[in-house]
Amino acid sequence: MSELGTFRGTAYIKLTSVAPATVNSAQAQSTLATVSVPRKVAGTASNIIGLAVTTECDPLQRSSRNCRCLPGYWWNNNFCATLQACEVGGFFQPLISFFLPPPCQCLRWTSSDTGYCQSLLSAWKVSQSSTLPPKQASVGAEDDLTLSFSLAEGATGVKWYLLRPPAWSEAKEIRTGTEVMLLQKGSEAVLRVSSPSPDWADGDLFCPGENLQGRWNVTKSGRVAEIRCPKGREGTMLRSCFSDGTWGAIQNNCTDKELLSKLHEAQLLQAGLGSPQSEIPWIIEWLKMEMKPSQNQSIYPLDLLTLVFTMDIISQVALDSNMRLESSSVTDLLYTVNWMLDLDTETKWSEVQARRQSAGSMFLKAIEDLTSLLEPPTTEFNLTLPNLELQSSMFNLTWIDDFTKIFNTDPPLRSHISREELVEVVQREHSITVISLVLKNMDQILPGHYGVDASHVLGSLVMSSAIVAHNGSVRQVDIEMMFGLWNTTRNLEEKQTAQCVSWNHGLLEGTGGWSSQDCQSSSTEMVANCSCHRLTSFSVLMSAYPVPVSFALTFLSKFGVCATILALVVCLFIYGLVWTSVVKNKVSYFCYTTLVNISFSLLMGSLWFLGVSQLKASHVSRLCVAVAFFTHFFYLAKFFWMLVQALLLCHQLIFVFHHLSIWSVMPAMVAVGYVCPLVIAVATVAAFFPRQTYLNKAVCWLSFRSKAIYAFFVPILVIVIVNILVLFMVLLKLMRPSVSEGPQGEEKKALLGIFKALLILTPIFGLTWVLGVITMTSDASQLTHYAFTILNSFQALILTLTTWDPHI
């Protein structure tokens with residue numbers, strides 16, 4: 001490349017290697033890089049400012065050669081139109097070229113004289129009507145630049161490109177922007193640049209003007225447009241124009257003016273200005289009249305948040321002033337609440353919670369407080385609306401009974417306070433009204449926070465209860481509730497434990513959360529029974545994962561598995577040390593072979609078991625499926641080798657004179673000990689995995705809901721029963737010894753060792769998994785869980801201790 005004044009040009013030189021195939025393009029480029037530039041061209045006023053290799057050609061083969069462009073360079077359009085592309089597909093090249101036209105990067109030259117690749121602008125075909133060089137003029141400020149080209153008559157589609165060092169081949173199209181103006185006036189193309197910045201050639205992108213909830217004007221990319229809210233609303237709407245010239249979502253900050261006025265009235269009451277007794281019922285009545293189902297589509301998220309703030313303030317003012325609400329005011333309030341519960345949670349409530357996380361808790365507290373201020377009516381006060389239901393009963397000194405209310409909702413609910421609980425309250429207050437209010441659609445409004453854990457969902461409706469008296473509301477009363485569970489939670493793949501909870505408004509720094517404090521739970525697949533010691537808002541939480549066990553249980557389980565693995569390694573090491581000294585005949589060989597395989601199977605099962613609770617349960621995860629499969633297989637193998645022990649003992653005591661050879665018995669032992677459990681494990685995968693019902697949803701273990709777990713429990717229980725029968729038969733045999741029958745000497749000691757091993761291991765292993773069946777198939781007590789965890793964790797220690805008995 002050479003430079004003359006302010007104009008640049010390019011000269012192309014053809015280089016031929018003296019020794020063919022010894023110099024490639026990279027080596028040539030390295031050689032050129034050693035030449036210092038800029039370098040003055042002798043005899044001219046030009047300077048060489050850059051050197052680069054543009055084209056590389058293969059050696060001549062059969063009067064033709066392939067020449068390809070290096071990155072940043074292209075063939076001239078004329079070459080691309082007349083020459084054939086390089087063949088890269090061999091025999092299939094014509095077919096490939098038909099479907100995928102080859103790019104003009106590599107051409108096949110049939111003459112010995114080849115062309116060369118050029119930079120982008122040089123390679124493109126330029127209209128013969130253009131006239132170079134351009135005229136340059138300075139206009140305005142010192143840094144401003146104006147360039148103009150003369151064009152032939154009828155020239156169209158003029159584009160401008162910018163080339164910058166050191167990669168002069170990389171051209172960037174110049175676009176109109178804040179600093180750039182491109183004009184075409186007849187036969188003249190003009191470029192004007194005002195106070196250019198480093199990226200002046202990039203131009204600007206704009207978001208187009210459009211009408212969407214208002215008129216959005218053309219906006220430059222990277223900026224935020226702002227428009228006023230529609231008539232009758234206060235605030236502004238914001239919208240970002242992204243860097244690619246597209247509009248973002250509308251951020252609506254508009255609030256209904258009348259709602260704002262009611263919020264201001266409530267704030268004045270909170271400040272002590274006005275009469276709560278007269279103004280609060282009026283605000284509640286106005287909300288009922290204005291908030292109608294016909295307004296559901298026009299309600300904005302800030303409208304809903306303003307309404308929640310208003311209810312929260314008037315509830316606080318009403319409580320502070322010790323006022324009472326007539327049943328008509330409570331009815332108006334519940335109509336407004338019913339309308340709010342009917343709003344779409346995805347488009348309305350979700351944005352409200354994004355702006356104020358405690359909005360759902362504020363909404364619920366306002367409902368609780370305002371309904372608890374009900375003036376005891378002369379008759380029972382009941383109300384049924386699409387999204388809520390309220391039932392009440394009145395009690396006084398002349399009539400007290402159990403408070404029992406059944407709600408025929410979906411799912412059904414029941415509330416019960418015993419007569420004994422109410423007697424004390426009535427004697428103190430003389431007259432009371434007990435209220436139970438059921439709220440629907442609260443599962444999307446209240447977050448599923450259970451303490452600091454948010455991995456729970458509501459399994460039923462929300463029920464709020466209160467006792468209203470003339471002197472205020474009563475909260476410290478025992479209440480029993482029955483919550484029907486939603487079908488979506490009853491039909492979960494895995495059985496979940498329902499947890500009775502109450503909403504605590506003070507958790508998580510005022511955001512609120514569910515708490516199980518002061519509540520006891522018992523549940524079936526259909527309902528959850530709750531017994532709580534105070535009156536507030538209650539519901540049932542269903543865990544997305546199993547309800548966490550206690551720390552002690554978790555510690556015992558993890559510690560026990562680690563102790564099991566260590567004990568089994570010690571056990572196998574002991575067998576290796578004493579093998580030659582204790583294996584003195586075929587019976588002892590069979591005895592210790594079974595014990596070694598029992599230990600090995602339990603060791604491998606424990607190792608795989610470590611991944612059961614550590615991995616995320618998913619049928620897509622091959623590792624999770626493998627963990628479940630091998631845990632199933634090795635734990636089954638442990639019991640099948642115990643069955644082998646029982647069968648050997650039974651054979652030796654019944655068929656006294658039938659001697660077994662090692663080579664004939666070992667294949668049968670392996671078949672029973674490993675092949676049988678393998679067949680069961682493989683069959684279980686084949687039967688349940690295609691239907692995605694093989695795994696438990698919470699852990700990498702067999703599913704209980706799909707009955708896959710029975711492929712583990714049933715074989716174990718059958719083997720335990722068989723072993724018990726064998727032990728019983730052996731006891732009968734030992735109680736009737738015969739002088740002429742039975743093995744003698746070392747074989748008798750070995751058989752006695754098998755008997756002792758069975759006598760120890762069958763109850764321990766069997767009882768462990770009987771408890772396992774109970775804990776996994778029913779609502780077992782905490783004691784049962786502890787017993788199963790302890791026995792399952794320390795069974796290897798018991799197995800290891802049996803190795804120290806010289807008869808085992």
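Trainee: Are α8 and α10 roughly parallel or antiparallel to each other?
Mentor: The axes of α8 and helix α10 (residues 359-372) cross at roughly 160° and come within 11 Å, so the two helices are roughly antiparallel. Angles over 145 degrees get that label, under 35 is roughly parallel, 65 to 115 is roughly perpendicular and the rest is oblique. The axes are lines fitted to C-alpha atoms, for helices over the stretch in contact, and angles run from 0 to 180 degrees between N-to-C directions.

Trainee: What kind of model is this, and how are residues numbered?
Mentor: This is a predicted model: local features need pLDDT of at least 70 and side-chain atom pairs count only at pLDDT 80 or more, while totals for chains, interfaces and linings use all residues. Numbering starts from 1 along each chain as its sequence is written, and side-chain values use heavy atoms, with hydrogens and water left out.

Trainee: Back to that pair, which residues of α8 and α10 meet?
Mentor: From α8 you have Val330, Leu333, Leu334, Val337, Met340 and Leu341, and from α10 there's Phe363, Ile367, Leu370 and Thr371. Contact means heavy atoms within 4.5 Å. By class, that's 9 nonpolar, 1 polar and no charged residues. Ala, Val, Leu, Ile, Met, Phe, Trp, Tyr, Cys and Pro count as nonpolar, Asp, Glu, Lys and Arg as charged, and the others, Gly among them, as polar.

Trainee: How many residues of α8 are buried?
Mentor: Helix α8 (residues 327-341) has 12 of its 15 residues buried, including Asp332, Asn338 and Trp339. Buried means under 20% relative accessible area, exposed is over 50% and partly exposed is in between, using a 1.4 Å probe and protein chains only.

Trainee: And α10, how many there?
Mentor: In α10, 13 of its 14 residues are buried. Leaving out residues up to four places away in sequence, Ser361 touches Leu446, Trp503, His505, Thr511 and Gly512.

Trainee: What span should α10 have?
Mentor: Its 14 residues should span 20 Å at 1.5 Å a residue, and the end C-alpha atoms are 20 Å apart, which agrees. The expected span is 1.5 Å times one less than the number of residues. Helix α8 reaches 21 Å from its first C-alpha to its last, close to the 21 Å expected.

Trainee: New topic: at what angle do α5 and α7 pack?
Mentor: Helix α5 (residues 257-270) and helix α7 (residues 301-320) pack at about 25°, axes 9 Å apart. That makes α5 roughly parallel to α7. The contact includes Leu259, Leu263 and Ala266 of α5 and Leu307, Phe309 and Ile313 of α7, and by class it has 10 nonpolar, 5 polar and 2 charged residues.

Trainee: Where is Thr345 found, and is it buried or exposed?
Mentor: Thr345 is in helix α9 (residues 345-355), and at 18% relative accessibility it counts as buried. Not counting residues up to four places away in sequence, Thr345 touches Ser350, Gln444 and Ile445. The C-alpha atoms of Thr345 and Met442 are separated by 9.4 Å, though the two are 97 residues apart along the chain.

Trainee: Whole protein now: how many helices and strands?
Mentor: It comes to 19 helices and 37 strands. Those are DSSP runs numbered from the N terminus: H or I with at least four residues for helices, E with at least two for strands. Of the 808 residues, 44% count as buried.
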